[in-house]
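Hello,

Here is the structure you will be working with. Please look it over before reading the notes below.

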Amino acid sequence: MNCLLVTDIFGDGPWLQQVRETIEPYAQITCVSPYSSKQAFDHEQQAYQAYCQDCGHENYLYKVRAALQQLSTYTLALGFSAGASALWRALSDYSGDHVQHFIGFYPGQIRNALALNTQISTTLVFPSHESHFDLVPVKSALRKKDKVEVLDSAWLHGFMNPCSEGFHVYGQKMGLEIIEQKLMLMRESLMRAQEGGDIPAVQA
């Protein structure tokens, strides 16, 4: 089993330790980052400037699409912030059969891609609010889509990332529980399939 882990604007770094430790008992990790190497930023504004300069939303979408095409096994797609939004866009026209479920945490840019749909079972976890736009119509539109489960949280954007201004230890704990639950369901489905049946997708 594999987990395609698509990071936020901080990229692949120490902040992912708890996420990695949650995934590793269940799946190998393929990490996609906006950057070509690991990064260490002093603050969120520095990370945002680097993201805009070194990657940007369209280039990140390209990288995620390329990673999806390289998949060869039963996969959980997991994204954070810009990475979650890139996955949403990339999975809307994904034609492979390896991605069984997609979890996206606080995908703010999804507000610009609400016309897209997905055939992949999807769980989207939103913050309590966003400072730059109204989340209510965004969540309402997403809840009308097939295969999409929308979850609310009590925390701010970035609550999974200790480097983010919005980090919250209880928010991170909730997020890790969601990830582990989906991985456990996927493992159970895969084990049943190996006993002699088709591999079913994990439901939202």
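**Fold and pocket**

From the N terminus on, the elements of the protein chain run β-α-β-α-α-β-α-β-β-α-β-α, where helices (H or I, at least four residues) and strands (E, at least two) are DSSP runs numbered from the N terminus. The radius of gyration, taken over C-alpha atoms, is 16 Å, close to the 17 Å from the globule rule for 204 residues, so the protein chain is as compact as a globular protein of that length. That rule is 2.2 Å times the number of residues to the power 0.38. In total there are 6 helices and 6 strands.

This is a predicted model: local features need pLDDT of at least 70, side-chain atom pairs count only at pLDDT 80 or more, and totals for chains, interfaces and linings use all residues. Residues are numbered from 1 along each chain as its sequence is written, and side-chain values use heavy atoms, with hydrogens and water left out.

Of the 204 residues, 51% count as buried (under 20% relative accessible area, 1.4 Å probe, protein chains only).

Which residues lie nearest the centre of the largest pocket? They are E44, S81, E130, H132 and H157, out of 28 lining residues. A pocket here is an open set of points on a 1 Å grid over the protein atoms alone, where a 1.4 Å probe fits, with protein on both sides within 12 Å along at least five of seven lines; lining residues have an atom within 4 Å of a point. Helix 2 (residues 44–54) gives the largest share of the lining, 5 residues.

Regards

Notes. Buried < 20%, exposed > 50% of the residue type's maximum accessible area, 1.4 Å probe, protein only.
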